[in-house]
Amino acid sequence: MGSKKKDAVRRDENIERDYYSLNTKAVDDLVSANEENSPPVSARELRKYQSGPKIKMADWVKAILLKCWAGGMLCYFFIWGLSTFTMNQWDHLLILGVALGMVTNLIVNNIFRFIASAPGAYDRWMMFPGKSIGFLPLDILYALLLVFCTVQSYNGVNLLLAGGGEGASPALGVEPILFGVIITLWDLLFLGFKRLGKSILADAKKSAGVPKK
């Protein structure tokens with residue numbers, strides 16, 4: 001009877017020792033974990049443990065909404081906000097372009113990189129996806145083009161609605177939502193041209209037998 005009790009005690013001690021040994025190994029593995037000895041985990045699996053709302057939205061929807069928001073914010077602060085100041089139209093366009101270029105480079109593009117499920121996932125929605133501050137002048141020049149096209153769109157629509165008459169009050173006023181939509185449409189158009197140009201260039205290189213880098 002005594003030997004059975006001793007055997008049971010030994011079994012309990014062995015189980016307890018194995019339990020603590022297992023947990024010690026798990027702690028050591030956790031402390032020594034790094035990119036080299038950790039198993040690969042898919043981006044889809046990682047998203048299961050991310051905090052925040054679980055509303056699923058396609059990347060292109062997020063990109064368009066963010067671009068519309070940037071255009072609307074530009075209109076609110078730099079068109080409505082500066083409406084009380086008298087200035088030359090071209091000076092006003094220059095201010096708008098510089099502001100939009102800075103917002104695009106410093107805020108919008110960084111938001112795209114932050115919400116991307118994988119590196120480069122939103123590059124197709126940026127005209128200049130480079131991270132260097134050296135791309136800021138290019139973003140400003142591109143923003144000047146977008147602002148100019150947007151203003152000309154307003155002028156063209158108002159001219160048509162006025163029946164070609166000059167001096168009439170504009171039928172289509174400038175407000176943040178529509179301004180954001182129009183400038184985003186121009187942005188998407190130029191991004192489409194960029195992707196088309198890259199596709200044509202890639203096909204030409206492939207036909208010429210140029211090896212991929």
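## Ground rules

Because the model is predicted, local features need pLDDT of at least 70 and side-chain atom pairs count only at pLDDT 80 or more, while totals for chains, interfaces and linings use all residues. Residues are numbered from 1 along each chain as its sequence is written, and side-chain values use heavy atoms, with hydrogens and water left out.

## The overall fold

Helices here are DSSP runs of H or I with at least four residues, strands are E runs of at least two, and both are numbered from the N terminus.

Of the 213 residues, 23% count as buried; that label means under 20% relative accessible area, with exposed over 50% and partly exposed in between (1.4 Å probe, protein chains only). Taking contacts with a separation of 6 or more, 72% link residues 24 or more positions apart, where contact means heavy atoms within 4.5 Å.

Start with α3, which runs over residues 59–80. Its 22 residues reach 30 Å from first C-alpha to last, close to the 32 Å expected at 1.5 Å a residue (the expected span is 1.5 Å times one less than the number of residues). Its buried residues are A63, L66, K67, A70, G71, G72, L74, C75 and I79, and what covers them includes α4 (89–115), α5 (136–161) and α6 (176–208).

Next comes α4, with 27 residues that should span 39 Å; the end C-alpha atoms are 37 Å apart, which agrees. Even so, α4 has a kink of about 40 degrees centred on T104, the bend at a residue being the angle between axes fitted to the seven residues ending there and the seven starting there. Buried residues of α4 include H92, L93, L96, G97 and L100, and its buried set packs against α3, α5 and α6. As for α6, its 33 residues reach 48 Å, close to the 48 Å expected. P176, F179, G180, I182, I183, T184, D187, F190 and L191 are its buried residues, and they pack against α3, α4 and α5.

## The cavity

A search of the whole structure turns up one cavity of 30 Å³ or more. The largest cavity has a volume of about 190 Å³, and 17 residues line it, with K67, L100, T104, L146 and D187 the closest to its centre. The elements giving two or more residues to this lining are α3, α4, α5 and α6. By class, the lining has ten nonpolar, four polar and three charged residues.

Now for the terms. On a 1 Å grid over the protein atoms alone, a cavity is a set of points where a 1.4 Å probe fits but cannot get out; a pocket is an open set with protein on both sides within 12 Å along at least five of seven lines; and lining residues have an atom within 4 Å of a point. Points are joined across faces, edges and corners, and a volume is the space filled by probe spheres set on them. Ala, Val, Leu, Ile, Met, Phe, Trp, Tyr, Cys and Pro count as nonpolar, Asp, Glu, Lys and Arg as charged, and the others, Gly among them, as polar.

## The second largest pocket

The second largest pocket holds about 370 Å³ of space. Of its 19 lining residues, I79, Q89, V151, N155 and V174 are the closest to the centre. Both α4 and α5 give two or more residues to the lining, and α5 gives the most, with five. The class count is twelve nonpolar, seven polar and no charged residues.

D187 sits in α6 and is buried, at 7% relative accessible area. D187 and L146 are 41 residues apart in sequence but 6.7 Å apart in space, C-alpha to C-alpha. Beyond neighbours within four places in sequence, D187 is in contact with K67, Y142 and L146.

N105 belongs to α4 and is buried too, at 8%. Leaving aside neighbours within four places, its contacts are N110, S132, I133, F135, L136 and D139. Over in α5, T150 is buried at 0% relative accessibility. Apart from neighbours within four places, T150 touches F179, I182, I183 and W186.
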